[in-house]
Every structure is written in structure tokens, then in C-alpha cells.
Amino acid sequence: MKKIMVLIVDDERAARNEIRRLLANYPDFEIAGEATNADDALKMIGEETPDLLFLDIQMPEKSGFDLLESLEKAPPVVFTTAYDQYAVKAFEVSALDYLVKPIRDERFEKAIVQARQRLSKADPAGQIFVKDRQQYHFIQWSSVHLIESMDNYARIFLGDKTVFLKSSLNQLEDKLTSNIFFRINRAQIVNRQYIQTITTVDGRLKITLSTGAQLEVSERQSAKFRHWAANK
């Protein structure tokens, strides 16, 4: 059975030891490492690619939220903190769970169950953590149907919600999974999984998404798009 690799991020040794002690009861979880600050955690995430983070929110210099914002792809997260005031914010970002220190054994078990369920349904496209104005979000790329360029930002459409990410479309295109997302013109990227119909109008390709949005494919991208559509 494949182990679930965990990275513990907390500036307090006692808190890290407590999570280590609790994880010892679950043999399918293995600790990949520990970090005492956001910068070390960022480096370890790149090296170890953990499946799950146990992440303290309040740390010196950079918070747990700051760490997540710096990641190109964010693993599932269980937040740990001594401060109840962060609970609402943590759940707003769709964290896997939120544990208040000191952590009770039964509460930790609930987080473990949720982690197993989430990781058994891993999203191949991954997720990203975004701060949009005063709101924080975990965005599952598979739930995004359209991305549009807006000056120095990318406007991300998922369901009936839009979120702004400070990134150019070129930067995002390089990072996104190419067999899922396709750049249809200079200003738009679509999730192929949401394409419902493809038609030709006045010699130009037009696609309709399952959301009802109708979008035009540029002449430059049409050949690539026709090739993909013919072989999908």
C-alpha cells in the first residue's frame, strides 16, 4: 500500500512532536519531513512533493497562508493553530480540515479520515491557493472551465464564481496541464472537459461550453484545435 507522505510545518517544536505522536497511530501515513518556517517548507515541498500538509497558520515572518500563495500547486492542507479566530478564514479557503491546539485524538482522527477520502480522489490537474482581495481560495483546476486575461490578472471562472489571480495567461499556460487546458486565443484558455459543441461560423471555429458560454477560436489556434478535436 502506497504511503501518504506528510510534511509538518510549525515553528513550535512541541506542536510538531504532538502531530508526530498522533500520526504514529496511522501506519498508512509517513512523515516526509518537518519545517519550522515558510521558506524551509517551500524548499521541502519542492524536494519531497508531500501528499498532505499539516500547516500552522501563525508563524514568524511568513504565515501559512503566505506559504500557500507561493506554491505553483498546493497539496491538500490540514491547518493547525492555537487561534480560533482563523477558523472562518480557513474554511473559506476550503481547507481539508482545521485543528485547534491542543489537538484532541478524536478530532485528529476525523482529519485523517477526511485526508484519506480527499487523496483517494486526487485531481490530476492539482489545485492552487489564491488570495483575491480579502478572500482566500483553494481552486481545483478541474473545476475551472474558463480563464480570461484581464490586464495583469487572470480571471478564473469556476461554477458561478470568478476569482482573480495575479498572473499572465502566458505564465498560466506554461503551468497548466496541456491535455486538459487549451489556449483558444490571445485572451482565453478553456478546460477541454467542458467543451460541449464545436461549430464553424463564417469560417471561424466557435465552441460552446457546458456552462453555455460561446467562445471563438483564433485563426492561429484553429489548426491545433481541429487536430485535437479530430483525435479526442
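Biologist: Two strands pair if DSSP finds at least two bridges between them. Which residue stands opposite Leu146 in S12?

Modeller: Val190 in S12 stands opposite Leu146. Helices (H or I, at least four residues) and strands (E, at least two) are DSSP runs, numbered from the N terminus. S8 and strand S12 (residues 188-191) are paired in the antiparallel sense, over three bridges.

Biologist: What kind of model is this?

Modeller: The model is predicted: local features need pLDDT of at least 70, side-chain atom pairs count only at pLDDT 80 or more, and totals for chains, interfaces and linings use all residues. Residues are numbered from 1 along each chain as its sequence is written, and side-chain values use heavy atoms, leaving out hydrogens and water.

Biologist: Back to the open sheet. What is the order of its five strands?

Modeller: The order is S10-S9-S8-S12-S11, and the pairing is antiparallel.

Biologist: Which strands stand at the edges?

Modeller: Strand S10 (161-165) and S11 do. Each has a single partner strand, so one side of each lacks a neighbour in the sheet.

Biologist: Now S4. Why is S4 largely enclosed by the rest of the structure?

Modeller: Strand S4 (residues 77-81) is largely enclosed because five of its five residues are buried. Buried means under 20% relative accessible area, with exposed over 50% and partly exposed in between (1.4 Å probe, protein chains only).

Biologist: Which residues of S4 are on which side?

Modeller: Val77, Phe79 and Thr81 are on one side, Val78 and Thr80 on the other. Both faces of S4 are covered. In a regular strand, side chains alternate between the two faces of the sheet.

Biologist: In what sense do S3 and S4 pair, and over how many bridges?

Modeller: Strand S3 (residues 52-56) pairs with S4 in the parallel sense, over four bridges. Asp56 stands opposite Thr80 in S4. Strand S5 (residues 97-100) also pairs with S4, in the parallel sense, over four bridges.

Biologist: And Thr81? What is its bridge partner in S5?

Modeller: Val100 is the partner of Thr81 there. Thr81 has 0% relative accessibility, so it counts as buried. The C-alpha atoms of Thr81 and Ala35 are separated by 15 Å, and these residues are 46 apart along the chain.

Biologist: New topic, aromatics. How many aromatic pairs does the structure hold?

Modeller: Ten. Rings of Phe, Tyr and Trp (its six-membered ring) pair if their centres lie within 6.5 Å; planes under 30 degrees apart count as stacked, over 60 as edge-to-face, the rest as tilted.

Biologist: Stacked or edge-to-face for Phe65 and Phe129?

Modeller: Stacked, because the ring planes of Phe65 and Phe129 are at 5°, with centres 6.0 Å apart. Phe65 sits in helix H3 (residues 64-69) and Phe129 in strand S6 (residues 127-132), 64 residues apart, and the pair links these distant parts of the chain. Phe65 and Phe129 are both buried.

Biologist: What about Trp141 and Phe181?

Modeller: That pair is edge-to-face, because the planes are at 80°, with centres 6.0 Å apart. Trp141 is in the loop between strand S7 (135-140) and strand S8 (144-150), whereas Phe181 is in strand S11 (residues 181-185), 40 residues apart. Trp141 and Phe181 are buried too.

Biologist: Which residues do ring pairs link into a cluster?

Modeller: Phe65, Phe79, Phe129, Tyr136 and Phe138. Phe79 is one of the buried residues of S4.

Biologist: Last one, H7. Which residues of H7 are buried?

Modeller: Gln221, Ser222, Phe225 and Trp228. The buried residues of H7 pack against S11, strand S13 (195-201) and strand S14 (204-209), where contact means heavy atoms within 4.5 Å.
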